[in-house]
Every structure is written in structure tokens, then in C-alpha cells.
Amino acid sequence: MKRALYLLSGGLSGFFIVLIMLIILAQIIGRMMGFIVPSAEDFSGYALAASTFFGLAYTFREGGHIRVNLAIQRLPESLQRPLETLVLTLAFLLLCFCSYYCTYMVWESYDFEEVTHGYIPIPLWIPQVPLAVGMIAFNLAVLDSLIDNIRGITPHYKQLEGEDVSLELIENPDEASAPQVSSKERAK
């Protein structure tokens, strides 16, 4: 279920990127044919925000966010997990705050019947909903990792840290399947 939520979040992020491409493509074709696509820039901006916020949970889960762990790596194993728990707890609390206010912003826009400014006015809460939903999904992803860390399970994003692809493997993919030979054995 959790994995499906993260995949759905990532899929929606990708969908909105494709939507941006289609809007811009329609605008280019429209200009060549002599007409404009009304509010194309506005809808592209809304899709960009939706893509960004929907992508947060998936990116976190897959270890794609930038993490500064130089200090944590140098600590003894006995201190790494408590420090990771502290950082995840602080992140969770901050994201609770952000999730609440994103949701409140949507409700306020709905309650005051605000509309967007542009050629096509639409209710403002509609483009704001993906921000709130994406922030809540990100909050759940951090909570999931926090619970795993407290239970002694390595969080999923941390499991993927060692899976970086080196430039040598990209340039010489045949070496990836070859048995590893030490430098001493190569010298012989």
C-alpha cells in the first residue's frame, strides 16, 4: 500500500511534466497557425507546481533528495541511528506544519471563492490541491522512514545510498559483469 502511494505520487509528477510539454507544444503549434492558447503560461505554471509537490514523496523514498550526511557518516554506528531519528523527527514536525498550512490555504481559497488571474479564471483551490496532497504524501514518506528508523530497520532511502553508478561503469559496462580483480593481482 505504501509503495503504491509513492509510485502514484511519482506517476502523477511525471504526468504533470508531460502535461507541461503538451501545453507548450500546443502553444507552439498555435502560434505557427495564427492563434494563441489562452492561459498556457498559467496552466504550465500550475502543472509545474503540481509536478514538484507530487514528486517530493517519491523522490524522498528513492533517495533522490540531497542529504548532507558527511558528519553522520563519520560518527560511530551507535550514534548514527539516534541522530537520524532526531533529524527525521524534526523533518516530520516541520512537514506537519507545512502540510497543515498548505491544506488550510486550499480551504481558505475555496471558502473565499478566489479565482486565478488570467484569460481563463478558474477557482484558485483547484491548482492548489496538488500542493497540499503532495505535501501530505511527503509527510507520510518521512513518517514512514521515521517509524522504520525507530524500529531498527534501515529506511528505504538509506538502503539506496550505496547504489550510485560510477562513471567507469557507464563508460565500460562490460566491466560490471566481469569478476573484480584487485590491483595486486593486476600487477602480476
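Of the 188 residues of the protein, 29% count as buried, where buried stands for under 20% relative accessible area, exposed for over 50%, and partly exposed for what lies in between, with a 1.4 Å probe and protein chains only. The model is a predicted one, in which local features need pLDDT of at least 70 and side-chain atom pairs count only at pLDDT 80 or more, while totals for chains, interfaces and linings use all residues. Residues are numbered from 1 along each chain as its sequence is written, and side-chain values use heavy atoms, with hydrogens and water left out.

The protein exposes about 12900 Å², and carbon and sulfur atoms supply 67% of this area; accessible areas come from the Shrake-Rupley method with a 1.4 Å probe, and for residues only the protein chains shown count as cover.

The secondary structure consists of nine helices and zero strands. Helices (H or I, at least four residues) and strands (E, at least two) are DSSP runs, numbered from the N terminus. Read from the N terminus, the order of elements is α-α-α-α-α-α-α-α-α. Among contacts between residues at least 6 apart in sequence, 73% join residues at least 24 apart, a contact being heavy atoms within 4.5 Å.

An unreviewed UniProt entry lists residues 12-37, 43-61, 82-107 and 119-143 under "transmembrane region". The UniProt positions are given in the numbering used here, feature names are shortened, and annotations may be inferred rather than shown by experiment. In the model, residues 12-37 are 85% helix and 0% strand, and the end C-alpha atoms of this span lie 24 Å apart. Residues 43-61 are 100% helix and 0% strand, with 28 Å between the end C-alpha atoms.

A nonpolar surface patch is formed by Val18, Met21, Leu22, Ile24, Leu25, Ile28, Ile29, Met32, Met33 and Phe35, which together have about 970 Å² of accessible area. Patches are made of residues with over 30% relative accessible area and no salt bridge; like charges are joined within 9 Å, and nonpolar side chains (Val, Leu, Ile, Met, Phe, Trp, Tyr) within 5 Å. Met33, one of the patch residues, is found in helix α1 (residues 2-33). Met33 is exposed, with a relative accessible area of 62%.

Charged pairs come next. Side chains of opposite charge can pair when their charged atoms come close. A salt bridge is counted where a side-chain nitrogen of Lys or Arg is within 4 Å of a carboxyl oxygen of Asp or Glu, and by this rule there are three salt bridges. One of them joins the side chains of Asp144 and Lys2 at 2.9 Å, N to O. This pair links distant parts of the chain, with Asp144 in helix α5 (residues 125-150) and Lys2 in helix α1, 142 residues apart. Asp144 is buried at 8% relative accessible area, whereas Lys2 is partly exposed at 45%.

Asp144 also meets Arg61 in a salt bridge, at 3.5 Å, N to O. Because Arg61 lies in helix α2 (residues 40-61) and Asp144 in helix α5, the pair ties together parts that are 83 residues apart in sequence. Both Arg61 and Asp144 are buried.

Another salt bridge pairs Glu84 with Lys158, whose closest N and O atoms are 3.5 Å apart. Glu84 belongs to helix α4 (residues 77-111) and Lys158 to helix α6 (residues 156-159), so this pair ties together parts that are 74 residues apart in sequence. Glu84 is buried, with a relative accessible area of 3%, and Lys158 is partly exposed, at 23%. Through shared partners, salt bridges join Lys2, Arg61 and Asp144 into one network.

Asn149 is found in helix α5 and counts as buried, at 2% relative accessibility.

The cysteines remain. The structure holds zero disulfides, a disulfide being a pair of cysteine sulfur atoms within 2.5 Å. Cys96 is in no disulfide, and the nearest cysteine sulfur, that of Cys98, is 9.5 Å away. Cys96 counts as partly exposed, at 29% relative accessibility. Cys102 is likewise in no disulfide, and for Cys102 the nearest cysteine sulfur, again that of Cys98, is 6.5 Å away. Cys102 is buried, with a relative accessible area of 14%.
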